Structures are given as structure tokens and as C-alpha cells.
Amino acid sequence: MTTQTIGQRTPRVDGEFKLTGRADYAVDHSAPGMLIGYPVPASIAHGTLAGLDLETARAMPGVVDIFHHGHFPTLARSPNSMAQQNVVSEVRLPFEDTRIYYDGQLVALVVAETFEQARAAAHAVRAEYHEEAGAISGLLHTDRDGEWQAGQARSRGEPREAWEQSPVRIDRTYTIAAESHVPMEVHATLAEWRDGRLRVHESSQGVLFQRKAMARIFDIAEEDVEVVSHYIGSGFGNKLFMWPHAVATAAAAREVGRPVRTVMPRQQDMATTGNRPASRQRLRLAADEAGRLTAIRHDSTTETSPVHTHVDAVGSATPSLYACDNVAVGQRLVTVNHGTPCPMRGPGEVSGLFALECAMDELAGELGIDPLDLRRRNHAERDPGKDLPWSSKHLDACYDNAAARFGWSRREPGIGAMRDGDEILGWGMASCTWFAGRQPCAARVELHADGHVTAACGTQDIGTGTYTVVAQTVAELTGVPLSRIEVRLGESSLPAGPLSGGSMATATTLPAVAAATRQALDALKEVATGDGGAFAGVAGESLGVEQGTLTDGGGRRVGFAEVLEGLRLASVTGDGQAAPGDEKTRYSFRSFGAHFVEVRWDPGISRLRVSRVVSDFDIGRAINPATARNQVEGSIVMGIGMALLEGLDYDPRDARLVNNNYADYLIPTHADMPEIDVELLDHPDFAFNEFGARGVGEIGLTGIAAAIANAVYHATGKRLRDLPIRLEHLLVE
Amino acid sequence: MRPFAFDTATDSGAAIAIHGGDDRRAYIAGGTTLIDLVKLDVMRPAALIDVSRLPLAEVERLDDGRLRIGAAVTNSELAHHPLVREHYPLLAQAILAGASTQIRNMATTAGNVMQRTRCPYYRDAAAACNRREPGSGCDALHGINRMHAVLGVSEQCIATHPSDMCVALAALGATLTLEGPEGRREIAFNDFHRLPAEHPEIEHELAPGELITHVTLDTPLVGGGAAYLKLRDRASYEFALASAGAVVALEGEVISDVRLALGGVATKPWRAVEAERALDGQPAVASSFEVAADAALQDAVPREHNAFKIPLARQAIVRALRDATARAGTTTTTRGNQG
Amino acid sequence: MMDHSDAPPQDADALTVTLTVNGETHRLTLAPNVVLLDALRDRLGLTGTKKGCDHGQCGACTVHVDGRAINSCLRLAAMCEGRAITTVEGLARDGALHPVQQAFLDQDAYQCGFCTSGQMMSAAALLDDGRIGDSDAEIREAMSGNLCRCGAYKNILAAIRQAESEARGRGGDA
């Protein structure tokens, strides 16, 4: 290797585009003759659509058509298969029937010449409903128990007996309100048909999945669908799989014979394009007197919608985080009248760790030992859930480093014991974990005669830095400077790349990019050593690569461009593939970390603020420590929202979403940001992939809400088990 | 946002003439409330008249010591104005506690007075709301009402008045100058907003076509210390759950004069006259503040989700009075020095 | 349930509006209900300014009008006649990044980039506004009208500090 760019803090290669306004997000695209789609939302959550009065709207200026049940082409559903990569967020097609299943459901799509005309006409559409009683407004407002999900059940040892026989036990129930992803960019689709081929600009975390689903839905060849998502105003999971507005927009474009762009209004976006479902979790922990866990029983219930099944796997980290011989995990699912839930950053495990890590704090209290000490006593030396050794685990170092920087040893354990003027300080901590996964991936790298290199992969950069780490990988292997490397992502016609989700994009993409780079270098060596080549007659394998040149080891260096120009070649290409091997049968792969949190509680005015967070993470190697750290810091901010602010309020009477906007659904502002001190350990996990990276998008959000709730308990003496924690739960009259 | 006609006026007479007393027409200046609500299809004006260019952007001290503020002065300009910072720190604090930098740069003094409630049922054209659509009912009474009012409520409406600036105006005392088809008149600020009672749709005393041209603040309390305390879930960019604005003047250890108003808990900017009465002549100590807070909230009516606002508002009052008292001496000195 | 509605309004007459954006003058024919944000994006092709909420709740649409940061989603385009409008496309001068842009690049003060133009417009206005204090708390409060769901606030603050010290180093007036 001739340069050292992997592991370096380089500025983003796409930075200048984002900073000058030139980055092309889906909503920034237009097409000649484009019309604007504007959705009409249902204003009930449970019933049927009795009629639509479109007379006024149709007569309004600029209106071209209005699509709805009864006036919409017949389409096929997507098979919704993960193996076939055609998963959609909602299998029900738009306008499929007159049933209304949730608030905001698409009941019509107005298509007009301008945005203003489309919006005005949408407001003039009058819908008549037969509203029915009995809307289920949420898991936390219903007596229904839900259906057991056999696929989620895990068990080892004798959890029931062990729990009953243990000397120290706690049995607690925790709830989390449904949360909204609210990425800054709403969902948007621009659909354009040409000669039977569909081209879509979508704000998407998975262009390949959307292409395959669109092909099934419109019954056309996959090659005839192109989905483009060059930049995405993030998604946090709610843009992994497409939603009905994309299908409605594509169908409308075909029907009217012109391109159509639909940008979801924020209010409807929040109601209908995914949420982290509410959860109720019962945690039963038992320990011996030495503080060693003897039983963990984790039973949870989450929500799904009437039109699509989504299981948020809340208990999936529980069997693996701590050493314990007797563990049982079970999950139930309740159908509620909400827009369909979907994965949200750290799906399942973020919710699960809130409950588990609060319960650990409660158990520590029961045992009378320090919460950090309890974690250490139950450190899992191997994965007890899979009965495999860890590939690489440095959780102890996370505890040590973060605790030292935080000053945990100075913690006074008494409730409200740490004061500062009007304020009481509370200190809490929690462990973090997130699984490391990897998918098959393809990539293409081309070395060009003008000296620049292109790398292409059908994955996306959702703000995590994928453009940059791909460029770093190519630079590492070729020695070509970053400024001469052009990365293409976010097009479904590029070599098949992964979803941007599950913290898997980096570990999945980089090995394929490396393979493609090596293929391209081999192709270059082949031509260089062939007839007329700069190294004609030399054995290809004897050539080395240094700073964008081929070298023969004897002092002769010839630049890539010179090699190609000498042969009058424009470029050489390398196609690379990479996939996980059998390493999963030998190791368990997980990332770990620890959060230490300080809150300040002013009981005189019921003001609670997170003032300081110190965290350490063991994520393997950070390809770019700047972008990796940024993600973790952002997760901490999001975790403050989860713990103290965020919750979708569905009116218990009719299941309509009340806080469907940024003013009423509160996320942290700049002023809510605490002092944040994040350290990333550098222990590359080479058993996982050649770069040792395990991914970092999600782990920072695990544990943080628990650490905050634990700090709140330390400050106030109130053990709040329901998120979000609001001041009315703490207020002392 | 339905289509509407648009006109620009450069003086108040022209604006009023264009309006013509037709209640389907509306004045627009900052637009931060109006455009928001027109986009939601909650307000459906047939025409908008741009009054942002009216020559009403001055802040001036009158001969009698009062401060006259032009209707078009933006919230930012007002909060940072030297005369406001020096003589009416409560107003500066309250404005800066509201909304965001951008909104404060847009919103005007008169527009802030005319701000509409943030009740989510008011803002949802499909919900029942007597304020938006008289006689349709009130979905907030038995709905999600955590943000709603506990003071000045009726069985027709419990919508909170959202302004921070108006809490300061209520405490400081002010006069609004109105201009309309019938000429010019003045009205006390605290008489301008109406309680919802049986007619929540009538929010204020403006007659058709009338325009606020000036807000004139009463002379400042001599030696008054000021504190605006806003309590909310997040640290910024959120409407108050409860807020209190207080000005306290002392003679020795005793309260000689006090102004107190509340936000986030009432259907209009709420001058807490019972509390002021309870404080008059009392020692400036915590027990007096607590008695006053109880007096301020004795008529509060809680609903399912907002009962916490009563103790929270008590806390806001007690702390704001404490902080205002602590600042009282300093202000006297400053004023003395600068004559 | 039936939505209430009054008589259908007619499409009101279009207006001719002259907008001065980044120093260039544009004459547009617009419906009165077009807001500045949509005029910039849909009519002038200046798509660097983003729509996050369309209701003044997020700050992604922040631009400068006569030097002050405003939410362009809440300002009618017709009310901007004669005003000097600056968007993110007008921040860089002579091909060089504005100090705020350079600082955002150096400090990695963004992730997805969608709120970023608004963040930078607020930051640039803040650095030119001597009325706003210099403490971290005051800067953070002044920047709180720009939500960042990626949560890059720490680096945004660092970028503002960098741009501020560069401005001071150049002897730039505050």
C-alpha cells in the first residue's frame, strides 16, 4: 500500500457540492414538461371513503388530473421479498380499495401544472367518510395483548426456574412512545416514462430495492427501471423501502404522459411514511448476591399497521450483551391504526437496550452496587447468545476510558447528592451494542488515461460519508490522490450495492470496491506488460503500485495515465465482488460502547437538561474518524430526543396524529446539545473484513436513553420507565 | 394555499382603503403566522395587503417618558433596541425567548400581537374547532391538551395564546393605536385580546379593516428589576409550557411596585392582577412569592393532560419574582446614573 | 364527515415581480401565493435553498433578505420586490468558498447536507450581526432556528468558531 488514507480524517469528497448548494437531492430535480403531484390525505384513521367531490378541484386552474380509487391503473403488488430484494414499506398499493386504515392515508393525488395550483386543488378536494368507532390509537392505549411472534423467540437454560429461585430479582415494565424519523428531507419522487422505461428520482436508502419493486409493480423488466438517489437528506430508516406515494406518482406520470414530481408535505410525511413503533417491555432480571445475572426474561410488544406487518425486533441484543445462563426473549405484535412502522435507526435494539439498561441500573440499586461495576461483573467473554467467540471485543476498555474521562469514580451514589446552586446533578451510564452485518456487493473501478479514477457502486450516501470512504479505499490501493477520484453512487444501474441501513454499508461496500480496484490494477498491469506496454515483457505480478504509478521494483515508475496513453487506451476497468464468507460460523460480530451522562435538574422550575455526555466505542476501525465520530455525536443528540422529547401523539378517540410537524413533534435544537466527548477505539476487526470496519451509524443511539433515564433517577429519585420523560413526570409540587 | 389577490400599500390610509372593511381581506407584514395558516388551509383570505412597507418602523421615546413602537418594527430590532434594552429589559428578554432568529427577523410588533394560537386542532382544518369554525365544537377539550390553557378558558375553547412578547406587554402596560375606516383610536393592551367565552372566534377588539399602527409602552417602573422566565421541554424554539414576566421595584426589603404576567397557560396574554395585589407592600421573600403564585392560579381549570401547568406556572412565578427582585437594586443605580 | 368549504376562489391575477438574488436581477411573472422559497427553487433553479417543513419550523430554507436571515418559506415572493436576497449559491465569491463554507468543510459540520445551506446562511448572518453575543450559549440559541436531524451541532458550533476567528484574523468588521 502506497498511501495512508484509510483511518485518516479527510474532508468529505462531496463536501463542496453540499456546501455550495450543488448537491442534487431528489427534490432538486425537474424534467421538461414536468407536472406537480400533491397528495390528499385521509382525515380519519378507521372507516371507509364514501365519496370524493372533485368537481371544484378539477375546475381549478392548472389541474391536469386527479387520481383516486376508481381512477387509477391496475397494478400488481410487489412480492415484498428480502431475498429477491423487492421489499416495499407498504405492500398495499395506493387507492387499492376504499378502506381507510390510518390517518393521512393517500386518498387522492392531484396533478397540476404548478406546485401552487396542485396544492390549492388538493385543498379543494372534498372527501366524505364513513368513520367507524374502535380505531386503535396505539399500543399504549389498548387492552389488546397482540399476537406472539414465534420467529422472535429466543431461549436458553431454564429462565423461569432460575428467576424464581434467585435471591435478588426485579420485574419492571418499560414503554416507549412511537417516534418519527423526521429526516430533514421529506420523501419525494420524480417519475418520468420514456419508451416504456421508467426513470425515478427518489430520496432513497435503497435504489436497487426500489428498482426491483417498481419492476414487479408495473410488470416491466428490471432493466427498464432506473432509480436515482445521488444525495439524500437522510432517512434513518424510513427511506429504505419505497412508500405508496412513489407508486402513485409513477403511475400518474404514465397516465398523463408527462413527468410528475411529488414532494410529500411534512404533515403527511410524518403520518404515513414510517415510525419507530411504540413498545412495551417487561424485563425480569435475577442475580445472585455477588451481582452475577442468573436469569433474564425480556417480553415485549410492538405495533404494526393493518396493511403491512412490521416486527421491530426489540429483544435481539438481549441474549448477547451479558453473561447469563438462563435467558428468554419473546415478542408480540399489536395492529394499530397508524401508518406502517418501519426500521428507525438502531431498530429493535435501541428500544430493547433502553429497557435492559434501565433494568440493569435498577438491579444495581437492588444489589447496592455501582451500576458500572454490575456491568463489569457480567461481562460476556464470548457471545452467550450464539455460543461463539467474539471476533473482537473491547467493551472493558470503553468502560475504563469513558468512566475515567467522565470522572465516574467521583459519583456520589445518594439520590440528589450532587448539587450546584439551584441544580441537582444526576450521573448515569449504560452499555451500547449493535450487531455487525455484511451483505454481498459489487463495484466497478476504472482507471482513466487522463489520470483520474472512477469508482461506482449502486449503494447510497445518506450523510454517513460513503462517497468519502469509497474514495479513501481507492486512494489507499492506488495511491491516486482523493481529488482525482470520482465516486458514483445512488443509481440502480450501477453494480449492485447494499441498502444504506443496518450500519452495514461500509463493511459491505469497501471490500467490493477494493476487489474492483485490484481488478482494475491487474488489468492495467496486463496491458502494461503486453505488446507495446510500458513494461512489455515484465511479469505482471512483479509490478508494484505506488502513488498512481506502476513500479518494477528496480526504480522504474510509470504513471497509470502514461501506461494507458502509450497504448492509446482510454481506460481499464475492474469489476469486483465481495461477500461474507464462513466467518459467521466461527465468530460473533458486534460493536460495543458505553455512555456516561450528566443531567442537571432544577426542581424549583422543573427544568431538566442533559449537560454532558462522555462515550467510548469499539467499532473496529473507523475508515474516516471525522465522519464516524460525527455520526456518534449525532446519535447522542437524537438519543436526547428519544429520552426527553420525542413521541407521536395519536388522539386516543380517533387515532389521528396530532403532532405531525416539527413545531409539535420536538427534536433537539442546537441549544439542547450537551458537552459531548466521544472517543473511538481503534481495534480493527480483520475477521470481519480486510479493513476491519464494523460500521457506526446506529450504535451511538443504543443505550443513550437508558443512560439519561438512569441519570434522571440519580438526580431526582424518580425511576421513570416511560419515554419520553417529560417535566410533568418529574415536577415536585 | 388557495389563490388570493395581492396589493402593496405604502401608507396606512391606502392600506385601509384597499381593505375596505371586507373581512375576506387581510393585512400582511411579517407573514409568519398568516402564510403558515394559509398553507394549512386554515385561513383562506381572498386578498392580502402588504403593509410591511408602511412608515411604521420607528422606536421613539415620547415626551411623557413612554416608548412608542411602530407596528412594522421587527421583533429582532425591538429586542435589540438600546431604549428597550435599557428601560424595558423584560420586553427584550421575552422577545428573545420566542421563536427563532429567523422568525424574529420577520415578525413585526403588530403581527406578534395578532399571533394566532398553536392549538393543533385549530391548525387542522378537519378537526372541530370553535375558534376556526364557530359552532363546530372543541376537539381539544377531551383530546390531546397538554399544551392548552388553564386560565381564561371556556367550554368552547381552551387554546393557549402563544406569544412571549405579549406577556411582557401585559406586564409592562401598553396602549395600542388603531387606525381604520372610522379613523384613529387607542385601546389599552390588556383590553385588546378577548377571552374565548362563548365566542372564541372573536379574538380581539379590531374592527373590520382596522390596523394596529403603534404600540406605546407605559413609562417604566422606577427601579424595577425584570425577569422573564420561560419553561418548556426543549431549550429553544418551542412555545412556553408556562412563562412568567415580572418587574419588581423595592423600597428596602419591601415590594413597592410589581408587574406580573403569564404566558403559556392562558387564552390571552395574562396580567396576574390578583398576584400583584397580594405582593403589594409585602417583603420580597419566597413566602410572599408563593402566596402570590397561589393567588394567580386560584381560578385555573385543569384538563386531562395539562394539570401540571398549574404547579409549573407557580414555579415560574416564584422564580421570576425571585430573579426580578435580585435585579431590582441594580436597575435603580443604572437609571440614576444615566438620568 | 364532510370537509367544510367556502366558494371556490378564482386564480388571482399573476404579478410581475423583480427579484434581486445574489446580485442578479430577475423579472418574474408569479401568482401572488408563490413564496420566496418556491420562486427560488422552481422559477430560478436555485435549488441550494431547501424545503424542510414549509412552515417556518426547521430553518432549512434560510436565506438573507437585506442582510438578515429569514425563513423563505414564509415570505411571499411578491413582498421581496426591491430587497437584496442572498442564497447559498451567492455565498462563495470569485470561486473561493466563503469562510463559513470552508469552516463547515474543515469541521465536518454536516452529514446529509440537507439543512446545511440554511445552517450556513444563519451562521453567516450571525457573524455579521454585532447584536448577538459571543458566548457559546448565545450562539447556540441564535442557531436554534436551524434544526439538524443528523445532530451535527457540535461541529456546526466548531465551524462557526473557526469562521469567526478567521474573520477576526482578516480584520473583518464584526
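This is a predicted model: local features need pLDDT of at least 70, side-chain atom pairs count only at pLDDT 80 or more; totals for chains, interfaces and linings use all residues.
Two salt bridges are counted between chain C and chain B, a salt bridge being a side-chain nitrogen of Lys or Arg within 4 Å of a carboxyl oxygen of Asp or Glu. One of them pairs B:Lys39 with C:Asp54, whose closest N and O atoms are 2.6 Å apart. On the side of chain C that touches chain B, the elements β4 (68-71) and α4 (136-142) of chain C each supply at least two residues; helices (H or I, at least four residues) and strands (E, at least two) are DSSP runs numbered from the N terminus. The largest share of that side, four residues, comes from β4(C). By class, the side of chain C that touches chain B divides into 18 nonpolar, 14 polar and 10 charged residues, where Ala, Val, Leu, Ile, Met, Phe, Trp, Tyr, Cys and Pro count as nonpolar, Asp, Glu, Lys and Arg as charged, and the others, Gly among them, as polar.

Residues are numbered from 1 along each chain as its sequence is written, and chains are lettered from A and ligands numbered from 1 in the order in which they are written. For the complex, the predictor gives an ipTM of 0.98 and a pTM of 0.97.

Returning to chains C and B, the contact takes 42 residues from chain C and 41 residues from chain B, contact meaning heavy atoms within 4.5 Å. The area buried between the two chains is about 3300 Å², and carbon and sulfur atoms give 52% of this area; buried area is the accessible area (1.4 Å probe) that two parts lose on being put together, summed over both. Between chain C and chain B, 14 residue pairs are in polar contact, both residues being at pLDDT 80 or more. A polar contact is a pair of N or O atoms within 3.5 Å; within protein, one must be able to donate a hydrogen and the other to accept it, and residues adjacent in sequence count only if both atoms are side-chain atoms.

Chain C also meets chain A. Here 67 residues of chain A are in contact with 52 residues of chain C, and the area buried between them is about 5000 Å², with 55% of it from carbon and sulfur atoms. A:Leu19, A:Met184 and A:His670 supply 18% of the area that chain A buries against chain C, more than any other three residues. Seven salt bridges are found across this interface, and A:Arg12 forms one with C:Asp108, at 2.6 Å between the closest N and O atoms. The count of residue pairs in polar contact between chain A and chain C is 27, with both residues at pLDDT 80 or more. Elements giving two or more residues to the side of chain A that touches chain C include α1 (15-20), α3 (115-124) and α16 (625-644) of chain A. The largest share of this side, eight residues, comes from α16(A). Its class make-up is 31 nonpolar, 19 polar and 17 charged residues.

Chain C itself has five helices and five strands, which follow the pattern β-β-α-β-β-β-α-α-α-α along the sequence. The C-alpha trace of chain C spans about 60 × 45 × 30 Å along its principal axes. Of its 174 residues, 60% count as buried, that is, under 20% relative accessible area, with exposed over 50% and partly exposed in between (1.4 Å probe, protein chains only). The mean pLDDT of chain C is 91, and 91% of its residues reach 70 or more; pLDDT is the predictor's confidence in each residue, from 0 to 100. Over residues 1-11 of chain C, however, pLDDT stays under 50.

B:Glu179 lies in strand β6 (residues 174-180) of chain B and counts as buried because its relative accessibility is 13%. A polar contact of 2.9 Å joins the side chains of B:Glu179 and B:Ser12. B:Arg319, found in helix α11 (residues 309-338) of chain B, is buried at a relative accessible area of 10%. Not counting residues up to four places away in sequence, B:Arg319 touches A:Asp422, A:Asp602, A:Gly604, A:Ile605 and B:Leu229.

Key:
Side-chain values use heavy atoms; hydrogens and water are left out.
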